[in-house]
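Dear colleague,

Please find below the structure that I promised to pass on to you. My notes on it follow directly after.

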Amino acid sequence: MTSLLRSAWLALLLCACAAAPTGGASSPSLGAYTWDLASVVDARGQAETGWQLPGRPAPKLSFQDDRVNVLNLCNVIGAGYATDNGAIKLGQAVATRRACAEPGLMALEQRIGARLPQVRRYEIRSTPGAAPTLVLQFEDGGRWELAGTPTPATRFGGPGERVFMEVAPMEVACPSGGGSCLSVRDIRFDDQGLRTSIGEWRVFQDQIEGFTHVPGTRNVLRMYRYASGGRNYYVLDLVVESEQVR
């Protein structure tokens, strides 16, 4: 498990260095939200099924730093993108290579990876008091509609700082009493994914959005830290390593 997650993380680092296609600046509105696939229409205007597996969350698109990533799959699919007055162009898609044991998941990933490069236009539709909708138009006339959710940077009013943290397998008593806290230490990596420094263990009393600690499991997390209202907020971005410890 640890080697697979580490391989996925290194692949994501490589994806982040790939060049986006030329053709215009990315739209800030796309990057202000993540987009959950809500409905699919084929070239004849008929509803198309099979784009979400039972019991799993819908595939999610995230537009950041001139890259679009597809989340909520087994692997992460990423590609550079550029927009120009409603037109959108994606570069070659690259995916992490984690083995997916769940039936149908690999087939869905391959289907999405083959479909996304065919997108040609986009439109963001919004009404007061409602979440925005992203409409993607494909070259054959098909259409995706995706529901928007504000990103942490949108919610907290600014970009976050990317940090890495190792979480010990067992919790410790909180200094303030009345509960358990995570025991963590800060980690720094270079551009090749090699550790350059490891901090001292300390008690962590904040919450990490998107992360649930399982006793007996050691994790290395990639997170974004946001400062708002005089305190820090942490949002999980990626589990870099995961190991069960006796």
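Contact here means heavy atoms within 4.5 Å; helices (H or I, at least four residues) and strands (E, at least two) are DSSP runs, numbered from the N terminus. The residues of α3 (residues 105-115) concerned are Leu-105, Leu-108, Glu-109, Ile-112, Gly-113 and Arg-115. They lie on the same side of α3, because they cover an arc of only 165° around the axis, taken from the directions from the helix axis to the C-beta atoms. Buried stands for under 20% relative accessible area, exposed for over 50%, and partly exposed for values in between (1.4 Å probe, protein chains only).

As to conventions, residues are numbered from 1 along each chain as its sequence is written, and side-chain values use heavy atoms, with hydrogens and water left out. Since this is a predicted model, local features need pLDDT of at least 70 and side-chain atom pairs count only at pLDDT 80 or more, while totals for chains, interfaces and linings use all residues.

Strand β4 also pairs with β5 in the antiparallel sense, over four bridges; pairing requires at least two DSSP bridges between two strands. Within this pair, Ala-82 has Lys-89 of β5 as its bridge partner. The two strands form a hairpin with two residues between them, and Asn-85 in the turn has a positive phi of about 55°. Ile-88 and Leu-90 make up the covered face of β5, Ala-87 and Lys-89 the uncovered one.

The loop between β5 (87-90) and β6 (94-95) holds Gln-92, which is exposed at a relative accessible area of 71%. Beyond its neighbours within four places in sequence, Gln-92 is in contact with Gly-78 and Ala-79. Its C-alpha is 7.3 Å from that of Pro-117, 25 residues apart in sequence.

Finally, a search of the whole structure finds one cavity of 30 Å³ or more (a set of points on a 1 Å grid over the protein atoms alone where a 1.4 Å probe fits but cannot get out; lining residues have an atom within 4 Å of a point). The volume of the largest cavity is about 40 Å³, counted as the space filled by probe spheres set on the points, which are joined across faces, edges and corners. Its lining includes Leu-90, Gly-91 and Pro-117, and β4 gives the largest share, three residues.

With kind regards

Note on methods:
1 Å grid on protein atoms, 1.4 Å probe; cavity = no way out; pocket = protein on both sides within 12 Å on 5 of 7 lines; lining within 4 Å.
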